[in-house]
Amino acid sequence: MTLSGEFLAFLSLAVVSVMGGVLLLNLTKVVHVIVALVFTFISIAGIFVLLSAEFLAVAQILLYSGAITIIMLFGIMLTRHDDTSETKAGGLRKVLLFLGVLGFAFSVYIGIYNLDFGQVPNTLHENNTEQIGMALFSKYIIPFELTSVLLLAALIGAIILAKKDDEKGAEKE
Amino acid sequence: MENAWIIPLFPLLSFLFLIFFGKRLKGASAYIGILLSLASFVYSLLVLFERFSSPTHKAEAVWLTIGDIQLTAGFEVNQLNALMLVIVSLVSFLVHTYSKGYMHGDDRFHVYYAYLGLFTFAMLGLVLSPNLLQTYIFWELVGLGSFLLIGFYFYKEEAKKAAKKAFIMTRIGDVGLLIGMILLFWQVGSFEYDEIFAAVAAGSISTTMITLTAILIFVGAVGKSGQFPLHTWLPDAMEGPTPVSALIHAATMVAAGVYLVAALFPLFTASETALMTVATIGAITAIFAASIGLVQTDIKRVLAYSTVSQLGYMMLALGSAGYVAGVFHLMTHAFFKALLFLAAGSVIHAVHTQDIEKMGGLWKKLRVTGPLFLIGTLAISGVPLFSGFFSKDEILIAAWAHGNTVLFWLAVIAAFFTAFYMFRLFFMVFSGESRSDMSHVKESPGVMTIPMVILGILAVVAGYVNTPWFGTYLGDWLTEGNAALGHGHIEGPSWIMIVATVVSLLGIFLAWLIYCKRSLSRDWLGAKTMYNILYNKYYIDEFYELTVVKVMKFFSLFLHYIETFLVEGLVKGVSAAVSGLGRLGSKFHDGQVQRYGTVAFVGLAILIVVFAVTGGYLK
Amino acid sequence: MSSVPISAYLALALILFCIGLYGALTKRNTVIVLISIELMLNAVNINLVAFSKYGAVPAITGQIFALFAMTVAAAEASVGLAILIALYRNRKTVNIDEMNSMKN
Amino acid sequence: MNFDYFLTFLVFSPLLGVLVLSFIPNTKESVIKTVGFLATLPALLLSLVAFFQYRAGVSLEELSENVRWVQFADPDTLGNLFSINYELGVDGLSLIMIVLTAILSTLAAVASMYIKKEWKGYFMLFLLLEVGMLGVFAAENLILFFIFFEITLIPTFFLIGKWGYFEKEKAAFSFLIYNGLGSAVLLIVIMVLFARTGTSNINALASILAADSQNLVFSSGTKMGLLIAMLIAFGVKLPIFPLHSWMVRVHVQAPPSVVMLHAGILLKIGAYGIIRFGMGIFPEQFQDIAVLIAVLGVVNLLYGAFLALIQKDFKMVLAYSSISHMGIVLIGLGAMNEAGIQGAIFQVVSHGLIAALLFFLVGVFYERLETSNIKNLGGLAKGMPITAGFLLAGAMASLGMPGMSGFVSEFMAFLGLFKELPILAAVGALGIILTAVYLLRAVLGITYGKAHREFAGVTDIRNKEWVPALVLLGIIVLIGVYPSVLSDPLTSTIETIIFKIGG
Amino acid sequence: MDLETLLSYKWSIMTPEFIILGVATLLTLLDLFMPKSVNRKVLGWIGLTGILAAIASLISLLGHGPESILYDTFRLDSFAKAFKLLLLIGAAFVMLLAISYEPKEGITEYRGEFYYLFLAALLGAMMMSSSGDLITLFVGLELLSISSYILAGIRKKNLQSNEASMKYVINGGISTAITLFGMSYVYGITGTTNLLDMARSLLALTDIQHIYLMGLALFMILVGLSFKLATAPFHMWAPDVYQGAPTPVTAFLSVVSKTAGFIIIVRIMMVVFFNTPSSYIPNSMPLLIKVQDYIAFLAAATMIIGNVIALRQKNIKRLFAYSSIAQAGYLLVVLASMSVFMFDTLWFYLGAYLFMNLGAFAIIQLITQKTGSEDISQFAGLYRRAPILAIAMAIFILSLAGIPGTAGFIGKLNIFMGALAVEPAHYVLVSIMIATTVVSYFYYFGVMVQMFFRPAAEQEKIKLPIGLGIVIGVCAFATILFGVAPSIAFDFLHENFNSFSDFFQ
């Protein structure tokens, strides 16, 4: 593997995203955590660009770095503003979980560390958005429509659950 | 004779009728019982007479089929059977009659007669059986009848205990018989007596097997006939009504053991060991029981021990190859012992006690019973000219002739003891002055005395059917056509008769000195310990209580603990483990959602790691 | 010839997935838990997109898959948050280990 | 035998009663009891008709029924394999068991007069139980057998749990779990056989396994495993030591009428199963473990007897006595010869009758005196002479008094075993003595001796109570005196078994 | 692709889905525009009508051969038809439960939403049953999941309901991530999302590393989806969620959602992993067979956990949560044994489970909503208060316990047969299943004891709402019918689904 520009880009993006992840685990202030994750999400978008998925990269930034982060922040504000998320010492469970994660990661890593399918030329980067659109509206129209139902359901659900009940809920919060 | 099977049916009819309708008949039950037993007696007599002139008759029908094996039921009238039929039906009839007086006023009168009917049926069936299986069946039924009658006064604790004891002790013997007969069956392939004898004669059974089966069958006889060491039930069985003791525990059932050995005589003679066992046990029982009889104070118990002792005699006879002697003594004993018991019953009926220490001087009051009792006592003591004299003589001769010198002398001593304690009994009851208030004592009614008179006559004359002086009719007839049973008469030295006579007279004289004349101290035994040992029957009951019963109880308890702690405990343990697991599991479900996720993920990780390690994909 | 092998992307995805998972299962604040789950889903997306380019059969399908996954993740996050708000109204906490009113 | 679906009607006829009962209000006690009793009669009549016709020489073949019931596999691909048919049929053995069931059910229905509440539910369950029991013996097919087997489980659970005595729920659960485990093991065996051969018909299985001398269908180890599992399954029911503790509890806690059926029939299903399936399907393997079975039999016999010896409650005595008597069944089976097997079957029938009689009598005096503790009783013969008489007769039958059925069976079982294993048999014969000891201890303790209480106002056996007592005792004596009544119908069954074991 | 090509597809095979979608939309609109005063129950009845119409249209489709639309993103094969039928019937019952659902504090405000969210969930489940495309399956799965999250929390003023929903969403999110992670590897190795294409390319797989990765993916998908099944190791959420969720939702989760989970797991496992070789040697045994023991282990663990922990439960819904974990374990045995009878067995058992469990939940709902208490003692003396109900409950419980005469028994029989008919036979697994079944007698009959043996706390008669009445009646009838005459179901299966032979076409 030669040291190329692409590699450098990957490396830096990867480091940033992992850093964000590590901060997620170590920071205690909720807001800080969210900010750290924004970095992760953005660098993931960068990775998408590297992988010829420009449309996804944009969607990633909009959706994760934008929408999800924002609603999470809203969520935090709506609930408890200055909450810290330090973990209680759930000793044994954490140890077990850590071991589990290690085992899992190790096993999977064995599976992927020298995975290579050989290079097949592809045209993903050309008209990436168009390609996605074409596929989405022909081959994947059924899941696409189904997703719309899903989003609708999620929308309604989110509304009815999060909405304050006018009649009775007035005194609450 | 073809219809001999009817004989047992009369008493059976009596039993069935009385058990169902007896309650309404009340006192009239007796007449039914008496009539039907008379019928079987008459019929038995006819059969006996017919048997004199015609050969053995046997008839059988298939009772049960097991694969290729066919078990039969039927009847056989041979000499022994015919004789037994008469003895049993006669004594039974007399006891039926006697009981009418003795049991008068009992509110369970009909039940009593029903039981008597059942017993008589079983006893008659027993003596008619042509095969071992049928013998066993009736053998058990006889035991049932005995059990029921011993426990007739069910509300008395002692009666209950005695009945239970009788049943269980005889049952122990019965199991021996059962095992013996089954083993024999698989050797012979049949339960039929004649086929067994044929097989024995043909030598197709190994001697060991013959010895084993014979001894096992003898164990049955030991139980039934109250031989040492299974004798303890018989004295206790005196808790039953006295006529019952006369019928069952003197004349018939207890003699069934002797009958069984006699009926299987060819089997026993085929094994010297078996014969020796029989003779030894018989002799030991004779002297052993007689020694206990020396000191007992209960009139019926004295008679009971004398019965045990006399049965020992019979066994000794059979064990010494004295077939005729055994059967002969069985017959005479049936008469004089039944007489003694009935007379004792009459005494008890009159004085309402069984303790001879409280009696005395009854000779004057019981003018009929007294002499009859004396006849019985003389007969059993072996005083010449009475029936017992002849039969006992035969036994001693047989024992001597067979070469059992030790046993012979034991028997002689036992004869001395017998004479002594029987006359001790007689003197204490009838002579001297009464030792308690006897003003109300009256002689028993005719219905009781007449049977006694008949038995009295028989006790005197029955001996003359087989005497060295006038001819051994009985012996010749019994052994007729069957060499395996030995000769009708065994020749013995004539001094034996003299010794026997002297010994019995000596016993009587000694008893007279002590209990009538009172010239000798009653503490003749001197040492109190010896007296105690005898009075307490060598502590055999206590010994059993300490060993067998205790061990059984202990074993039961031991198993009980196994049951509670091991069997139940295991179950409880498993169920506790399962529910404990459940508790643990539900504790683990404590509402911590992250724990749930952790479990899931760690589960996944374990699966994957195991798969990675064991799947063979890693180079 | 690309200078970055697919395994690098996959490894990155794996690391992020594990971090997300660890966060989701250890963080006390429910919001963080929810966002950790988002991180896991994002890691999956890296996988999908990487395979879309460097997989056995490079095709746009992977990106489509990732797009769907993203949408679903967003919907899930919003529903999760709505539920959290409803819960907060009743329970006044966002601490995940205080949600234990149901146990044996 | 005169119409189609004779057996079906016979087995399900009690359901008619259930149907009628469902329209009767729960308050009409006497009507319900009458209907419940009447509903048991059709089965009784039909079974007796079949029995007498069979004795008269009519073949039982024509009673067989075979209707397609469920086909698990697609018929296009696997044909008739993996289908379960509704197959009913009887041979001498099962016919006898059916007759026994019908008789005891009718008598138990009479004995149900002591039930004090919820008569309607009681009789519905009771009749359902009868259906199950009849079906068990009529099934020609393992799965059908199992279905009926389980059907007996549920009504019994409720009958014990609802109408029993103080610890009824515990007893009911104990019953349920033990028998559930037993039937679970049985189910495994049945399903292994079914899944590996594709059929569950008993005769088909027997011939498949008979033809499998090379152990192609099952390895010999598997066969042995299956047989042992089957023994465990039926051993719970029988019960074989140490799987018996539930049964003691049930005997003590269940109402007398239910115990009559339980001790009379339900326990016997275990023996029937061992004979029918254990011997019928795995004759060779059965021969290999015959000694084990005989040893178990002796252990059962002695264990039950020793424990019966120290029980304080008469019902406990009877419960352990049942264990002990079931030992004789095993002894007979362990002998593996005509005498033994016939003895075992006789013992099954005989103990069924005797246990029913004794438990009925317990019901009779418990109803009046409200105790079955031997210490509190005594002198019963004074207050209730006839009951005491029956009790004594029952005890005599139980301890193997000749002239009663107990003797014939005991005798044959020992006859059989003495041929094969004389020493073991001799050890077992000790049991005969012990049986006498514990039964007399208990029965005499109750009936004889001093009365511990006043019997004023206590009536003796009367009216309807006579029926079960007399009928049962009558049959017991009939079999004891004329055993051919049982042995003749059994001849062909036993011959078949003996042929299979090559004896 | 133009409109003509699109129209050329035979969209009629999607009629049931369209009906459900249409009705859901209709309900949404109606709910929006109907005046507040109108009782929203009428929406429920409309929804029920829609479900029944879907059932009718599905039945009319039974005769069709396998059809597929748009590269298998929708396919209607026998498997889809058979299991969709179960989903729809189950949904109809749940709808009836929902109509009669009257919790103490009321959900009147959200009754309308309840119905169409429920229909949306059903739509998701239906799509899961009839798609051959990983993306569609995933979206269907998520539609079901997300709708369920909301449904579980719809009693928003009830803390337990909130908590249930929260726990459900967190565990569900993790499970989704894990599943998707696995799916991503499957996609990566095959390069397609079409299951049958995957199968074809996997058959040619020789690279051991790829196979290894497929194995990892298998476990991830299996464990991820076991969340839907509530089987080990992803079962622990179930008791809390079942307890907290409204009873109709609990019923839905334990029956319809679980059925959908089995549908997707079978679809993916059988098509993808059954065609994956387990080593580089040609014609080696399928990967799925190789991991059979792992699945068997999970099945055993599930059965043991479910049945053993259920012993300690006092809350009836929690009890039934563990019971349904155990039942899922039994179903997992089918998967672990992979016999020729697998589909039949799954279908029949799921059908039987549907009737018996929904019937039981109907009664649970009736008993608990009255007092608000879910303690098992609420059942005390039910036989006195409502004998018919008690007997119906007894039937359901007996069926769940697998007593002959009920559908549950035939189902279990079928499972045993499958597990033992394969080579090598799963003796241990079957033994565990039977043993744990016996353990289950304890708690099942514990409920019986309450109903029949214990005195009632109150003597008041119970009024049976019509919806519940129908559910209880039909379920009880069906439970008995399929227990006594199971051939009805099996013949139907054999005649209409042709051994599911079109599964791989």
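Helices (H or I, at least four residues) and strands (E, at least two) are DSSP runs, numbered from the N terminus. With that in hand, select chain D: you'll find 21 helices and two strands there. Its radius of gyration (taken over C-alpha atoms) is 22 Å, close to the 23 Å from the globule rule (2.2 Å times the number of residues to the power 0.38) for 503 residues, so chain D is as compact as a globular protein of that length.

A word on what you're viewing: this is a predicted model, where local features need pLDDT of at least 70 and side-chain atom pairs count only at pLDDT 80 or more, while totals for chains, interfaces and linings use all residues. Residues are numbered from 1 along each chain as its sequence is written, and chains are lettered from A and ligands numbered from 1 in the order in which they are written.

Of its 503 residues, 67% count as buried (20 or more other C-beta atoms within 10 Å of the residue's own, with C-beta atoms placed from the backbone).

Next, show chains A and C together. Their contact takes 76 residues from chain A and 65 from chain C; two residues are in contact if their C-beta atoms, placed from the backbone, lie within 7 Å. On chain C, color helix H1 (6-26), helix H2 (30-54) and helix H3 (61-91), the elements that each give two or more residues to the side touching chain A. H3(C) supplies the largest share, 21 residues.

Last stop: chain B, where ten residues are in contact with eight residues of chain A.

Conventions
A residue is buried if 20 or more other C-beta atoms lie within 10 Å of its own, exposed if 12 or fewer, and partly exposed in between; C-beta atoms are placed from the backbone.
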